[in-house]
Amino acid sequence: MLEFLPQILLICIGPAILMWALKDRKIGKVLSPVVMAYAVGIASVTFGLMPLNPIISKYFSELSIMLAIPLLLFSADILGWFRHARSTVLSFVFAIISAALSCIIAAYLFRDKVDLVWDYAAMLTGVYTGGTANMQAVGIA
């Protein structure tokens with residue numbers, strides 16, 4: 001387990017250290033914590049800063065998804081949704097239509113080129129409706 005300690009520290013506190021180091025600079029105010037987390041991951045793999053174990057990376061990816069969904073719901077103002085019901089419902093309908101259309105178009109375009117095209121279409125719907133975390137959850141499922 002100790003041989004994986006550098007990777008665990010990089011995954012857990014790397015983005016936090018980067019955010020702290022850049023908080024007073026312009027780039028630190030522009031980039032979100034999610035973008036900085038992606039930057040740390042991409043840089044560590046691309047430049048070979050340290051070898052990454054795929055099992056640990058997958059574990060932390062799945063763990064972060066389980067933590068992200070409740071954290072997103074904590075900030076939701078559900079009662080406020082009802083005050084703006086008309087525009088919210090209309091936006092939701094358009095989101096459903098556009099997600100379905102993108103899924104249908106992608107499945108049609110890649111039906112002969114990709115095996116199991118419905119899996120990719122489902123992941124496309126997941127990333128469209130909720131970002132990378134949803135795509136990862138759909139891919140795992």
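Here are some friendly notes on the predicted model above, point by point.

1. Ground rules. This is a predicted model, in which local features need pLDDT of at least 70 and side-chain atom pairs count only at pLDDT 80 or more, while totals for chains, interfaces and linings use all residues. Residues are numbered from 1 along each chain as its sequence is written, and side-chain values use heavy atoms, with hydrogens and water left out.

2. The largest pocket. Its volume is about 1400 Å³. Of its 32 lining residues, Ala 37, Tyr 38, Phe 60, Ser 61 and Ser 64 are the closest to the centre. For the method, a pocket is an open set of points on a 1 Å grid over the protein atoms alone, where a 1.4 Å probe fits, with protein on both sides within 12 Å along at least five of seven lines; lining residues have an atom within 4 Å of a point. Grid points are joined across faces, edges and corners, and the volume is the space filled by probe spheres set on the points.

3. Who builds the lining? Helices α1 (5-22), α3 (33-46), α4 and α8 (132-140) each give at least two residues to the lining of the largest pocket. Helix α4 makes the largest share, with 11 residues. Helices here are DSSP runs (H or I, at least four residues), numbered from the N terminus. By type, the lining holds 22 nonpolar residues, 10 polar and no charged. In that count Ala, Val, Leu, Ile, Met, Phe, Trp, Tyr, Cys and Pro are nonpolar, Asp, Glu, Lys and Arg are charged, and the others, Gly among them, are polar.

4. The whole structure has 1 aromatic pair. Tyr 59 and Phe 60 form this edge-to-face pair, at 5.5 Å centre to centre and 80° between the planes. The criteria are ring centres within 6.5 Å for Phe, Tyr and Trp (its six-membered ring), with planes under 30 degrees apart called stacked, over 60 edge-to-face and the rest tilted. Phe 60 is buried, at 17% relative accessibility; buried means under 20% relative accessible area, exposed over 50%, and partly exposed in between (1.4 Å probe, protein chains only).

5. Which side chain does Glu 62 meet in a salt bridge? The partner is Lys 58, at 3.8 Å from N to O. The term asks for a side-chain nitrogen of Lys or Arg within 4 Å of a carboxyl oxygen of Asp or Glu. Glu 62 and Lys 58 lie about one helical turn apart, because they are 4 residues apart in helix α4 (residues 54-74). Glu 62 is partly exposed, with a relative accessible area of 27%.

6. Around Arg 111. The structure holds 2 salt bridges, and Arg 111 takes part in one of them with Asp 112, at 4.0 Å from N to O. Asp 112 is exposed at 67% relative accessibility, whereas Arg 111 is partly exposed at 42%. The charged end of Arg 111 also sits over the ring of Tyr 108, 4.1 Å from its centre. That label needs NZ of Lys or CZ of Arg within 6 Å of the ring centre and within 35 degrees of the ring normal.

7. A backbone spot to look at. Leu 116 has a positive phi of about 55°, although it is not a glycine. Leu 116 belongs to the loop between α6 (85-109) and α7 (117-130). Its relative accessible area of 46% makes Leu 116 partly exposed.
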